[in-house]
Amino acid sequence: MDITAAFSEALQLILGADAKFLQIVGLSLRVTLTAVLLAALIGLPLGAWLAISRFSGRALVIVFVNGLMGLPPVVAGLVVFLLLSRAGPLGSWGLLFTPTAMVIAQTVLVLPIVIALTRGTIEELWREYREHLASLGVNGWRAVPTLLWDGRFALATGLLAGFGRASAEVGAVLIVGGNIANYTRTMTTTIALETSKGDLPLALGLGIVLMALTLLINALAFGASRIGQRFAG
Amino acid sequence: MLDRRVTLGIAGALLLVAPALAQTQPNRFITVSSTTSTTDSGLFTHLLPIFQVKTGIEVRVVSQGTGQALDTGRRGDADVVFVHARAQEVKFVEDGFGVERKAVMYNDFVLIGPKADPAGIKGGKDIVAALKAVQAKGSLFISRGDKSGTHAAELNLWKAAEIDIEKAKGPWYREIGQGMGAALNMASAQDGYVLADRATWLNFRNRGDLDILVEGDRRLFNQYGVILVNPAKHPHVKQADGQAFIDWLVSPDGQKAIADYKIGGQSLFFPNATQPGA
């Protein structure tokens, strides 16, 4: 009975296109996509560098980064909270309880996934193409753009995994965003709030919408990679 | 060739990121840390648009338990705190974190429980006798356990019942460390007793077999106060706009807006800013 009500709530939310609801969906997407983008900008080169370079302690760094993939969102949120709080070291920036704080927290969550998966992908490609690239006169760092480009489909999957982690989490955005109505309220924090208000059908309806959005984005990425692969031959 | 493509990609990405980051600092707003009851009951959704139309100040509410809300003020992460635990509020001001505490309104607590009522307390007016019966029967009791105002009120009531809850605790007494709604959800799922503020209860949808069993005792009175975070401690506090919000809450206009908030014809909060000693 509750499940049926939830599906009808979900339908109403989508068909009604209520301004408040659209704002919540928009903020969720904006925060998460920005975080994934930032994580990609930082994580792709860093992961590739980690794949190619050799230094003492490299194994430790790799284990550490892999371990961070399991960082609990609530811990990431708490660390960012303590940094951004007025009583913390970056307090003067006044960023706590803003969407920017949520972007930072989610970037922290996504970054290890991007670095670790990039490192794995690039290391394999590097092993395979190193000599070939060397014969073309492309060595070391100069090979990074080529390797990233060659691994783009595998890397896209890594970014999608990061997107999944960020869009699904509630712990970090709740702590650093504060779930402020019309400002830092995302889909997941709304679900948590409506659950606590006992409006379970609405909460579940929002959950269904979130799931549908995630599926849609994955389908788009899958389609894009199919098309890309066909043209890349 | 690839380098150029990468450069273009990064430039494009930055163009996308920049507006998302820039959009986060709008015009005039204050941050208020308040309790879950004021948000879960829907009061702020009613009050804040009225205030914003009048003054142009946007109020951003972070809702937490009273203990955490005061802590947010102590750290300087809010401009105003709006909570309900008088002793803690007074201490907050005495410690220099707040400027002045002003009484705003009250609502009351009610003892919620399953209609089957295993402790046999239904219809009573004496909250202390009811709690004694719950403890004596070992009936399931859900405690917020989150240092919220409601949690503090519950602990005071156990004290009034001369029950040392730290010692009397057992499997019957569950501290869940969560908000009012979560506590009600749990009571609903497990047929437990729970102390709730009336406003959250009236706005709560997932009631299941729960009902109000004890109400109307004067000891269930729940006073809300509002405090400006001390700009002398935290210079970035928006003193003028924060004070404007407080002044409006206790003004005849604000008090009327509070009284006007009703669910199903029932008032949820009763303004009493002018009542001495509130």
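**Notes on the two chains**

1. Chain B holds twelve helices and twelve strands, where helices (H or I, at least four residues) and strands (E, at least two) are DSSP runs, numbered from the N terminus. This is a predicted model, in which local features need pLDDT of at least 70 and side-chain atom pairs count only at pLDDT 80 or more, while totals for chains, interfaces and linings use all residues. Residues are numbered from 1 along each chain as its sequence is written, and chains are lettered from A and ligands numbered from 1 in the order in which they are written.

2. The C-alpha trace of chain B spans about 80 × 55 × 40 Å along its principal axes. Of the 278 residues in chain B, 45% are buried, a residue being buried if 20 or more other C-beta atoms, placed from the backbone, lie within 10 Å of its own.

3. The domain assignment, which is automatic or taken from a database, divides chain B into domain 1 (27-107 + 223-271) and domain 2 (108-220). The centres of these two domains of chain B, taken over C-alpha atoms, are 26 Å apart.

4. Where they meet, 20 residues of domain 1 of chain B are in contact with 16 residues of domain 2 of chain B, contact meaning that the C-beta atoms of two residues, placed from the backbone, lie within 7 Å. On the domain 1 side, helix H2 (36-40) and helix H4 (66-74) of chain B are the elements that give two or more residues. That side of domain 1 of chain B has six nonpolar, 13 polar and one charged residue, with Ala, Val, Leu, Ile, Met, Phe, Trp, Tyr, Cys and Pro counted as nonpolar, Asp, Glu, Lys and Arg as charged, and the others, Gly among them, as polar.

5. Between the chains, 26 residues of chain A are in contact with 29 residues of chain B. Helix H2 (19-52), H5 and helix H6 (144-150) of chain A each give two or more residues to the chain A side, and the largest share, five residues, comes from H2(A). By class, this side of chain A has 13 nonpolar, nine polar and four charged residues.

Terms used:
A residue is buried if 20 or more other C-beta atoms lie within 10 Å of its own, exposed if 12 or fewer, and partly exposed in between; C-beta atoms are placed from the backbone.
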